[in-house]
Amino acid sequence: MTLHGKTALVTGSTSGIGLAIAKALAAAGCDVALTGLGDAAQISAMAQDLSNEHKIRASFIPANLVHPAEIRSMVAAAEHQLGALQILVNNAGIQYVAPLRQFPDDQWDQIVAVNLSAAFHATKACLPAMQRAGWGRVINISSAHGLVGSPGKSAYVAAKHGLIGLTKVTALDNASFGITANAICPGWVRTPLVEAQMQARAAANSISLREAEQQIIGEKQAIMAFTAPEQIAALALFLCSDSASTVTGAAMSMDGGWVAQ
Ligand code: NAD
């Protein structure tokens, strides 16, 4: 499959799933804008490596997705540097775990801003060019937690459910423009976001990291294995293909059987 001549922006592409998606898009010939938090020099070097390896254009466009104005500037900068965007992957996400009664207000605001509102603002900013082109792909990285809840994850679960709702309306509003919008709902994927939860579990229960990992997976999934970021990226790539031109408004699970139970 080739995405040669297409341009993508992947939020949260400085780490984990987003980075794997950016690499897969670049390998398919797509120009990519990386964005996320982290050391600017290091991430710019990563973009340069992608560019050299796959003979595509890649740039790093920093933005803090908590701020809508920075999101609009990020999309404008990506369009200025790489041209009109046809693929938007809303992937950036953060987590915080605490019972609802003690859940800090500022954590609620941050999680809803990054995991949900940022997708609204970025999609809105990308739609004019996609509609003009008559082709577009919006991929929202939701979660098994977009379909079911877990204790202590009020903000994350609410935001991820909301993201699936936003996906459906994006799909319906843009069905006549050649634009599809879909959500991917991963189960456990071993990334820094989950590493932190495993370390917290190991410390709280005085168990090894390996035991914490087995507990965490076993509580939720039928298949006792992490999904690899590259597997999520392969599904994202399929959603960008012409074979997926009528897949829209869907929430696609890749979760080891988490929500089947
Ligand atoms: P990660 O922590 O490895 O990466 C998160 C990315 O988001 C980073 O690039 C980070 O810089 C960026 N980010 C965070 N806050 C930001 C902000 N304020 N402004 C700009 N960028 C910001 O996480 P990951 O596990 O790769 O998660 C990626 C997505 O997948 C998230 O939406 C997450 O909820 C979802 N997800 C992950 C898992 C999993 O098991 N890892 C499971 C289901 C869903």
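Predicted model: local features only at pLDDT ≥ 70, side-chain atom pairs only at ≥ 80, totals over all residues.
Domain 1 covers 7–187 + 228–253 and domain 2 covers 189–226, with bounds from an automatic or database domain assignment.

Notes on the numbers: residues count from 1 along each chain as its sequence is written, and side-chain values use heavy atoms, with hydrogens and water left out. Local features need pLDDT of at least 70 and side-chain atom pairs pLDDT 80 or more, while totals for chains, interfaces and linings use all residues.

Next, I checked the interface. I found 15 residues of domain 1 in contact with 9 residues of domain 2 (contact means heavy atoms within 4.5 Å). On the side of domain 1 that touches domain 2, α1 (16–27) and α8 (229–240) are the elements giving two or more residues. There, α8 gives the most, with 3 residues. (Helices are DSSP runs of H or I, at least four residues, numbered from the N terminus.)

Then I turned to Thr 123, which lies in helix α4 (residues 105–133). Buried or exposed, I wondered about Thr 123? Thr 123 is buried, at a relative accessible area of 5% (buried is under 20%, exposed over 50%, partly exposed in between, with a 1.4 Å probe and protein chains only). Leaving out residues up to four places away in sequence, I saw Thr 123 touch Leu 88, Asn 90, Val 138 and Thr 170. A polar atom of the Thr 123 side chain lies 2.6 Å from the backbone oxygen of Ala 119.

How values were computed
Polar contact = N/O pair within 3.5 Å; in protein donor to acceptor, adjacent residues only side chain to side chain.
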